[in-house]
Amino acid sequence: QESRLVELPYSSFDDDDDDDNDMAEQDPGVWYPDPPKPSPFSRCMRYLAFLWNLLFLLLGLLTLAVGVWGLLTKSSLPGGERGAPLGSDPMLLFLLAGLLASAVSLAGCLGALRASPCLLRFFLGALLVFGGLELLGGLLLLLLRQRLRDALRDLLLLCLLRYQEDPDLQFLVDEVQRSLQCCGLESYRDWESNLYFNCSSPGVQACGVPASCCRQPLQGGSVPNAQCGFGALALGPAAAAALLHTGGCGAAMAAGLRGQAGAITAGAVTLLLLEAVGALMALRVLRDIMARS
């Protein structure tokens, strides 16, 4: 007897599989149920995170606009008045700070609005980096106080030397001397190190100091007298003290920083808390997105 193997066609099994696939395609809800809808609290947290980041986005754009305006204003000045190169321009700090803040806040806004896990992760990572840098800066400030004090002194001396060369430094020095009622770094005699105010200079500002050193810059009028400090370095100590604030700005700034240490600490802690609140909201939105995916 011969045994025969009966081969069944595979098409019948294939047809059954196709029928199953067709049934799955016709009724996908059996295999892939719809994700749960977000709760009202989740939606509220999502929009709150969007508005929170929108506020910081506007602040970042404002800082960016100030930096761009400052650079454009200085670029329109004559070449001899601009002085400082772009790399050391103070307005570049506003530009970079505004650009970074705007980019991170925009990622937070779009991540919360479009429910994008990638943008939210980028936002959380950026906040983590910023918070770490702020904490590191605070520790360095505590550990390297003497070196930072010396660096600040060198910076103030550089501002005195480049007073006429950079409009930003000139404005900064005038505001410091006017608000702290001081003149020079250690005393008003420090202005002799400036090329234009040195007594050997041939210009009209020789043996003078800026008008921001004067005790009464208006001198009875309504318009500041830019020449009130001319010839002050040639006067005796008593006559100079009657005309100028003869104390240096270095000691005045150190005393002011010590007096405002509490306010500075409170400001730094507030900034960290704001970043922590933004990170917690973004983390909650990200968790809700991942739970529905």
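Q: Which residues of the largest nonpolar core touch the most other members?

A: In this predicted model, the largest nonpolar core has 21 residues. Those that touch the most other members are Val173, Cys183, Tyr188, Trp191, Val209, Cys213 and Leu244. Among the helices, α6 (145-161) and α7 (167-180) each supply at least two residues of this core, and α6 gives the most, with three residues. Domain 1 (41-72 + 90-160 + 262-291) and domain 2 (164-216 + 225-250) each contribute at least three residues to this core.

Q: What is Val209 in contact with, leaving aside its neighbours within four places in sequence?

A: Contact requires heavy atoms within 4.5 Å. With those neighbours left aside, Val209 is in contact with Cys183, Tyr188, Trp191, Phe197, Gly229, Ala232, Leu233 and Leu244. A second, separate core has 14 residues, including Ala49, Phe123, Ala126 and Met281.

Q: Why is Cys159 counted as buried?

A: The term buried applies under 20% relative accessible area. Cys159 has 5% relative accessibility, and therefore counts as buried. Cys159 lies in helix α6 and touches Leu169 and Val173, not counting residues up to four places away in sequence.

Q: Why is Gln170 called partly exposed?

A: Partly exposed covers the range between buried, under 20%, and exposed, over 50%. The relative accessible area of Gln170 is 31%, so Gln170 is partly exposed. Gln170 lies in helix α7.

Q: How far apart are Cys159 and Gln170 in sequence and in space?

A: Along the chain, Cys159 and Gln170 are 11 residues apart. From C-alpha to C-alpha, the separation in space is 7.7 Å.

Q: What makes α7 and α9 roughly perpendicular or roughly parallel to each other?

A: The axes of α7 and helix α9 (residues 249-259) come within 10 Å and cross at roughly 70°. Angles of 65 to 115 degrees count as roughly perpendicular. The two helices, α7 and α9, are therefore roughly perpendicular to each other.

Q: Which residues make the contact between α7 and α9?

A: On α7 they are Val176, Gln177 and Leu180, and on α9 they are Cys249, Ala252 and Met253.

Q: How do the residues of the contact of α7 with α9 divide into nonpolar, polar and charged?

A: Five are nonpolar, one is polar and none is charged. Under the rule used, Val, Leu, Cys, Ala and Met count as nonpolar.

How values were computed:
Residues are numbered from 1 along each chain as its sequence is written. This is a predicted model: local features need pLDDT of at least 70, side-chain atom pairs count only at pLDDT 80 or more; totals for chains, interfaces and linings use all residues. Side-chain values use heavy atoms; hydrogens and water are left out. A nonpolar core is a set of buried Ala, Val, Leu, Ile, Met, Phe, Trp, Tyr and Cys residues joined through side-chain atoms within 4.5 Å. Buried means under 20% relative accessible area, exposed over 50%, partly exposed in between (1.4 Å probe, protein chains only). Helices (H or I, at least four residues) and strands (E, at least two) are DSSP runs, numbered from the N terminus. Domain bounds come from an automatic or database domain assignment. Axes are lines fitted to C-alpha atoms, for helices over the stretch in contact, and angles run from 0 to 180 degrees between N-to-C directions. Angles under 35 degrees count as roughly parallel, over 145 as roughly antiparallel, 65 to 115 as roughly perpendicular and the rest as oblique.
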